[in-house]
Amino acid sequence: PVHPNNGTRWDLCFQRRKLKDGDNSKVYLDVDFAVSQIQGSAKLTERHLEKVQELVSQALNKDVPVIASDDLLGFGLDAVELPKSVKASRRVLRALGVVPDDDKILQVLKPKAGKRSAESNRDKIYNYDAIVKALGRDF
């Protein structure tokens, strides 16, 4: 952990639980290692999803879609993602043998679109901007 204001090493352990609000520590990440782990994790997740889809489809002897949770739930963080979430919901319903109705899906999802807020990694990582710069995108 590092001090949230100046990035110096902070040897707090259980004592940090007694800190006042706003005095929380942050983590300082090794940029190269963090980027390699984030990128490697994304590739591994994609390969796992493909393998799961293959195994389940073989076991059930029919094509079974694998749908990322981000596609299903992305509308909650950003209303712009609503069409993608509707499409993903439609695929889930079809896979379950239900004939999807986009109007009904929208009726359920639209009131919740953009209502969830994500926790910011910026609040927890001291060198957040360096990680974003190295990744070439936010995370």
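Predicted model: local features only at pLDDT ≥ 70, side-chain atom pairs only at ≥ 80, totals over all residues.
Colleague: Fine. Why is Ile125 called buried?

Modeller: Its relative accessibility is 8%, and the cut-off for buried is under 20%, so Ile125 counts as buried.

Colleague: Where is Ile125, and what does it touch?

Modeller: Ile125 sits in the loop between α4 (102-109) and α5. Leaving aside residues up to four places away in sequence, Ile125 touches Lys26, Val27, Leu29 and Phe139. Take Leu29: Ile125 and Leu29 are 96 residues apart in sequence, yet their C-alpha atoms are 7.2 Å apart in space.

Colleague: What makes Ser89 buried?

Modeller: Its relative accessible area is 15%. Buried means under 20%, so Ser89 is buried. Ser89 belongs to helix α3 (residues 82-95). Setting aside residues up to four places away in sequence, Ser89 touches Leu72, Ile105 and Leu109.

Colleague: And how do you know that Ser57 is buried?

Modeller: Ser57 has a relative accessible area of 15%, and the limit for buried is under 20%, so Ser57 is buried. Ser57 is part of helix α1. Apart from residues up to four places away in sequence, Ser57 touches Lys62, Asp63 and Val64. Glu119 is another story: Ser57 and Glu119 are 62 residues apart along the chain, and 35 Å separates their C-alpha atoms.

Colleague: Which residues of α1 are buried, and what covers them?

Modeller: Ala34, Val35 and Ser57 are buried in α1. The cover over the buried residues of α1 includes α5 (128-135).

Colleague: How do you know that the span of α1 agrees with a helix of 30 residues?

Modeller: Helix α1 covers residues 31-60, and at 1.5 Å a residue it should span 44 Å. The end C-alpha atoms of α1 are 43 Å apart, so the two values agree.

Colleague: Now Asn61. Why is it called exposed?

Modeller: Asn61 has a relative accessible area of 71%. Exposed means over 50%, so Asn61 is exposed. The residue lies in the loop between α1 and α2 (69-77).

Colleague: What is its phi?

Modeller: Asn61 has a positive phi of about 55 degrees, although Asn61 is not a glycine.

Colleague: Let's turn to the whole chain. How many helices and strands are there?

Modeller: The protein chain has 5 helices and 0 strands. From the N terminus on, the order is α-α-α-α-α.

Colleague: What makes the chain more spread out than a compact globule?

Modeller: The globule rule gives 14 Å for 139 residues, and the radius of gyration of the protein chain is 21 Å. That is well over the rule's value, so the chain is more spread out than a compact globule. Along its principal axes, the C-alpha trace spans about 55 × 35 × 30 Å.

Colleague: What about contacts and charges?

Modeller: Of the contacts with a separation of 6 or more, 50% come from residues 24 or more positions apart.

Key: Residues numbered from 1 in each chain as written. Heavy atoms only, no water. Helix = DSSP H or I, 4+ residues; strand = E, 2+ residues; numbered from the N terminus. Rg over C-alpha atoms; globule rule 2.2 N^0.38 Å. Contact = heavy atoms within 4.5 Å. Expected span 1.5 Å × (residues − 1). Buried < 20%, exposed > 50% of the residue type's maximum accessible area, 1.4 Å probe, protein only.
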